[in-house]
Amino acid sequence: MFAAASIAILVAILLYLVRALLGPTAFDRILATNALGTKTVILVSLLGFVYERPDFLDIALVYALINFLATLAILKFIEYQRLG
Amino acid sequence: MMIAVDMLLLTLLGITAVAVIRTRSLFGAVLLMSIYSLLMAIVWYNMQAMDVAFTEAAVGAGITTVLLVGTLVYTGREERREPRVHWPALGICVATGAALVYGIQDMPRFGDPAAPIHGHVAPEYIAQNAPHGDQIGPGAPLANMGHHVPNQVTAVLASYRGYDTMFETAVIFTAGISLILLRGAPREKGRLFRRRRRRAPRARPRDESETAGDG
């Protein structure tokens, strides 16, 4: 069951990748990247259960935090044209 | 299962890598680099290399993206159009890649316990960190860690590689101090890098004429 879910998430990642490649505006790409990061978090949790090591959930939490950081920087750049 | 996930991920990685090269928008390239790092982190994770996956996600997808976006402030959004293929560079890249692939053939099989890297210092570390009780005297290991750190990987990373990490930190600290001394500390509060310099230091060649004009 977890394996099937992982494959489904990978297909979803492929779709996000297509959107990030084609995306006509910058916001399509940002959304695709951010959603792909979320899918990474889910995939990390799922694969943790596939490998029967559910303590990998902690790693998924760290991924979620990192994903947030990069998106914040990108959006700040879009809004103010500078960082800091 | 592991193979299927790996194959799918590596296909996605290939697509992303080609897209990073092909895209003309620098902003899109930065985002695709971030996606590449995320996918790479999952690949490391799938190999059960947790610390590498952590580093890839934190440095590749996190800090590098922020630094590259910071670079976009100075460069603009679009790549300059250079359609001509640089044949010598292509030849060097292909030759280097071929040499590397040739070198891979001599490597031991993935996960081989008889590989040289597993026979150098690892057995000593494992023996020292294994639980011995209060063994003292002849036959006792040189340094008895007495199972102080239950996880062997954590023991090597945090204890045996402590000097490595400490001097890495010293090197990075020195590099940061040198940069601040060379560039001059930022005067404006809340901004690490100034966009326009008022008093031109000797950092870039373009500024040298201005300095000469002042003198």
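A polar contact is a pair of N or O atoms within 3.5 Å; within protein, one atom must be able to donate a hydrogen and the other to accept it, and residues adjacent in sequence count only if both atoms are side-chain atoms. Between chain A and chain B, 4 residue pairs are in polar contact, both residues at pLDDT 80 or more.

This is a predicted model, in which local features need pLDDT of at least 70, side-chain atom pairs count only at pLDDT 80 or more, and totals for chains, interfaces and linings use all residues. Residues are numbered from 1 along each chain as its sequence is written, chains are lettered from A in the order in which they are written, and side-chain values use heavy atoms, with hydrogens and water left out.

**View 1. Chain A has 3 helices and 0 strands.** Its elements run α-α-α from the N terminus on. Helices (H or I, at least four residues) and strands (E, at least two) are DSSP runs, numbered from the N terminus. Chain A has 84 residues, and 43% of them count as buried. Buried means under 20% relative accessible area, with a 1.4 Å probe and protein chains only. Chain A exposes about 4,400 Å². Carbon and sulfur atoms supply 70% of that area.

**View 2. Chain A and chain B bury about 3,500 Å² between them.** Buried area is the accessible area (1.4 Å probe) that two parts lose on being put together, summed over both. Carbon and sulfur atoms give 82% of it. Y51(A), Y63(A) and F77(A) lose the most area in chain A to chain B, together 17% of what that side buries.

**View 3. The contact takes 38 residues from chain A and 40 residues from chain B.** Contact means heavy atoms within 4.5 Å. On the side of chain A that touches chain B, α1 (2–22), α2 (26–50) and α3 (57–80) each supply at least two residues. The largest share, 12 residues, comes from α2(A). By class, this side has 28 nonpolar, 7 polar and 3 charged residues.

**View 4. T16(B) sits in helix α1 (residues 2–22) of chain B.** T16(B) is buried, with a relative accessible area of 0%. Its side chain reaches the backbone oxygen of L12(B) at 2.6 Å. Leaving aside neighbours within four places in sequence, T16(B) is in contact with L17(A), L32(B), I35(B), Y36(B) and L39(B).

How values were computed. Buried < 20%, exposed > 50% of the residue type's maximum accessible area, 1.4 Å probe, protein only. Areas by Shrake-Rupley, 256 points an atom, 1.4 Å probe, with all protein chains shown as cover. Nonpolar A, V, L, I, M, F, W, Y, C, P; charged D, E, K, R; others polar.
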